[in-house]
Each structure stands twice: as C-alpha cells, then as structure tokens.
Amino acid sequence: MAAENPMESLQKEATCPVCLEYFTEPVTLECGHNFCRACISQCWEGADTDISCPQCRQTVQQRNLRPNRQLANMVEIAKQLSLQAAKGSGGDRVCGKHQEALKLFCEEDQSPICVVCDRSRAHRAHTVVPIQEAAQEYKEKIQIQLKTLRAEREKLLGLKVTGEGKSQEYLKQTQTERQKIVSEFQQLQQFLKEQERLLLAQLKKLDAEIVRIQNENVSKLSWQISHLSELITELEGKCQKPASEFLQDVRSTLSRCKKRKLQQPEEISPELEEQVSGFSQKTIALLEALRKFKDTLPSALERKRGEPLRAHRQVNVTLDPDTAHPKLVLSEDRKRMRWGDIRQRLPNNPERFDYWECVLGCEGFTSGRHSWEVEVGDGRFWAVGVARESVARKGEISTSPEGGIWAVERLDQFWALTSPATTLALSRVPSRIWVCLDCDRGQVTFIDAGDEAPIFTFPPGSVPGERIRPWFWVGPYNRLSLCP
C-alpha cells in the first residue's frame, strides 16, 4: 500500500470532523479532539445535560472549550502550502488548462472550472454557479445527511444501551434463580443426608439388639447341646456294661435324666418385632415418596418455558350457567364471573353447585391436549383447574383429586389442591394463568401466562380417563375472566 501524501496528511489534520473544512477558531475538548467553535456549538445547541464529544462520545463539560492557537496557526500554514502546491502543479485550486483560479462550478460535469472554461463551448450550455455558492449548497445537503446519520447513530447507541441494560437485568434474574436453586438443593441434600443418618442409626440399633439375642441363644443352646451330648455318651457307655455293673446307680442316673430341664431360647420381643415392622413400613413409604419425587422432577426441570402452550390446542372456554352457584354472577357472553352479595333465585337443578361458589366450563374433554387462559387479576380468593364430569355438586365437596378436582388456589397464599394441600412458593404473583390439560397422559399443568413460568403440575396418571371439564371457584368480592 502506497504511503499517504504528506500534504494530504497535513490537510486531514487541519480539517474539522464536523464541517469537513479547514478549522475556523479551533477549540479543544477535554478528550483531546478538536472542532470549529461554531461547529461544536451547533452540535450542542439545545442540549442542557449529557454533553458528549461527537467523535468519541465521551461526556465533557460544555463550558470547558480551550482555544487551540497552535492548531489555528497550523491551519493557516496548511492553507498557504495547499495554495502554493496547487499553483505549482496546476492542481485543483488552479485550472490546469488556463492557469486561472477555479471560481465557478459546473453542475452538469460536477467539477470546478475557471472563468475562461465558462466561456468555452464545452460549458457554454451548462449551468454554472460560483464555486462558494455551490459548496454552500452541497454543504447544506451534506449537513442534512449528517444530521440523519447522527440521529440514526444515536438511535442505535440507545438500542445498544437498552439491550445491555436488559441483558444485565436478565443476568441478575438468572443469578437470583441460580442462588435459589443451589440453596434449595443444598437444604434438600442436607435434609436427605440427615434422614439417611437417622434411619441408618435406627437400623444399626435394631441390628445390635437382634445380634445380642442371637448370640445369647446360640450360647445357651450350645451349652445344652454339649451337656446332652455328654449325658448321651454316659448312658450309651452304661448300657454296654455287665448287668451287675449296669444296675449300680441306675436309679440316680435316671433321676438325673428326668430332672434335666430344657432351656428355651429367648424369643424376639413383640416390641422389637413392632419396631422392625414399623421401620419397614416407614422405609417403604419413604422410598415411594422419593420415587414419586424423582418421577416428577425431570418433567419440571426439562420442560422449556412455553413448550406446554405450543403442545396444547388452545380452546375457547365458556361458562355453564346450569352449574353456577346462585351467588355467582355470569356475564352475557359467559366469559366472566364475579362473586355476588345476594343469592340469586335459580332452579335447584342437579347440575348446580349449592355450597361452594363453583362453576364448570361448558366444554368437556376425553382425549388430546387442550389449554385455556384465565385472568385472575389481583384477586386474593380464587381457584382454577379441572374437574371430572361426575364431580359432586351438592353440599360441601372435597376440592382435591379424591373429590374429582385438580386445581391451584389463592387464599392469600398460593396452594396446589393436593391431598393434603401443597404450599406454592412463587417468585411473582400471576395475573393470568394457563391451564394445560393432557387427557392422554392424565396430567394437568398450570403456567404463569405473564412469563410462562411453571406454577404446578399434577403428575401423569393423576387425572382419570373420563370426561374432564374446566372448573372455577370465586371467593368473596373477587372475579375471574376467560381470555379469548
């Protein structure tokens, strides 16, 4: 690559980066960059705060403009050298053909010309204007483009700052979630280790008691076996003796045999048997709970946010007025319900709930995957979920899977209506909830529609294979809406 012309380098250093002309009253900013006083004043016009350098974007003090006299002197030298070079080589400042100053500009040819060129046949029919006038006109056009480009640059810089801010916010959220997960799992690991230690200690205690009884019984039985073996050997030897010798002390020998008393081994006490049996049942229950926890954990961790919504068919649920409790007021389009102060006079048909303020959706499902959105707002007393078609309607019903209902509820706190109910520790209060029903797997999932975060999942096989309908409950002075 050829080295840059020293004259061109000098002209570049003597040129303002805003107006692209030689510096006029050059001033220096705190960052070290130079501008014409008029150019930098125009750039900062109307700005009270956040004054920055147009070249490096560094924030500077508007009042701290230092005149650069050395640069002004260098600009004058650059102008004189440029003029001398142009005159000496017939360059841009002087017409190469007529050696006249280039004082005019030809619009058609887009080039500077001299007064002799203007009278020539080549330019006689062309539009010619004074070169300073043409320069001013094109400078204004350039300034308009510069303004547009600067605005676009500012917009992009704003988008960059906004994007970086959002990224930092999301990173803080993920860090918070990471800390929560690490803390919860550490507590869970500590709890499991403590339970393991306690259970193994109990087993060790039971082992020691069983081994003690076994050792004592073996010792007693071994002594009795040895005693019997000696007695048997004695009797067998006596039977081999002659009659006169055999009959000596025979009565004493028989007496010793009859007086012999067999010592029964120590039996396992009922208390010990009860401990072993109870421990076995406790172990079975614990292992079953751990298996259930392990089965449900992957579905909660591996599922991506929003995946259940995409996998389920969204349905337009409407409320069934024949099932609505008399205190529930339904809208005409059957998409909204609210708790009413007065019990309405409605027919007491078999389908209607008469104790809890419940209502079912008109739609029923027996297969496939379906979802619908419920707006709960900021209400503090509500429940949403699904119920089987045969759910009890009269009297106080069980709002749990045993009663045919799978739902989440808010009674100041958030609950999953399991049996017993499970407290839900949510990171935020949902205002809209997605209910996702998978009839084929027998599973119900609840999702915060705001950030698509899982709320709770009834594991596969929880919902029986019969007709399932949407179910809602509204407490005092609360309301729910079904989103389209």
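Buried here means under 20% relative accessible area, with exposed over 50% and partly exposed in between (1.4 Å probe, protein chains only). By that cut-off, 30% of the protein's 484 residues are buried. This is a predicted model, where local features need pLDDT of at least 70, side-chain atom pairs count only at pLDDT 80 or more, and totals for chains, interfaces and linings use all residues. Residues are numbered from 1 along each chain as its sequence is written, and side-chain values use heavy atoms, leaving out hydrogens and water.

Start with the cartoon view. You'll find 9 helices and 20 strands; these are DSSP runs numbered from the N terminus (helices H or I, at least four residues; strands E, at least two).

Next, select residues 131-239, which is helix H5. Now colour the buried residues of H5, among them Leu 199, Leu 206, Ile 213, Asn 217, Gln 224, Leu 231 and Lys 238.

Then pick out 111-113 and 128-130, strands S5 and S6. They are the edges of an open sheet, each pairing on one side only, and the strand order is S5-S4-S6 with antiparallel pairing. Two strands pair if DSSP finds at least two bridges between them; S4 (residues 104-106) and S6 have 3. Zoom in on Phe 105, whose bridge partner in S6 is Val 129.

Finally, show H5 with this sheet: the helix packs on it, touching S4, S5 and S6 (contact means heavy atoms within 4.5 Å).

Notes: The expected span of a helix is 1.5 Å times one less than its number of residues. Axes are lines fitted to C-alpha atoms, for helices over the stretch in contact, and angles run from 0 to 180 degrees between N-to-C directions.
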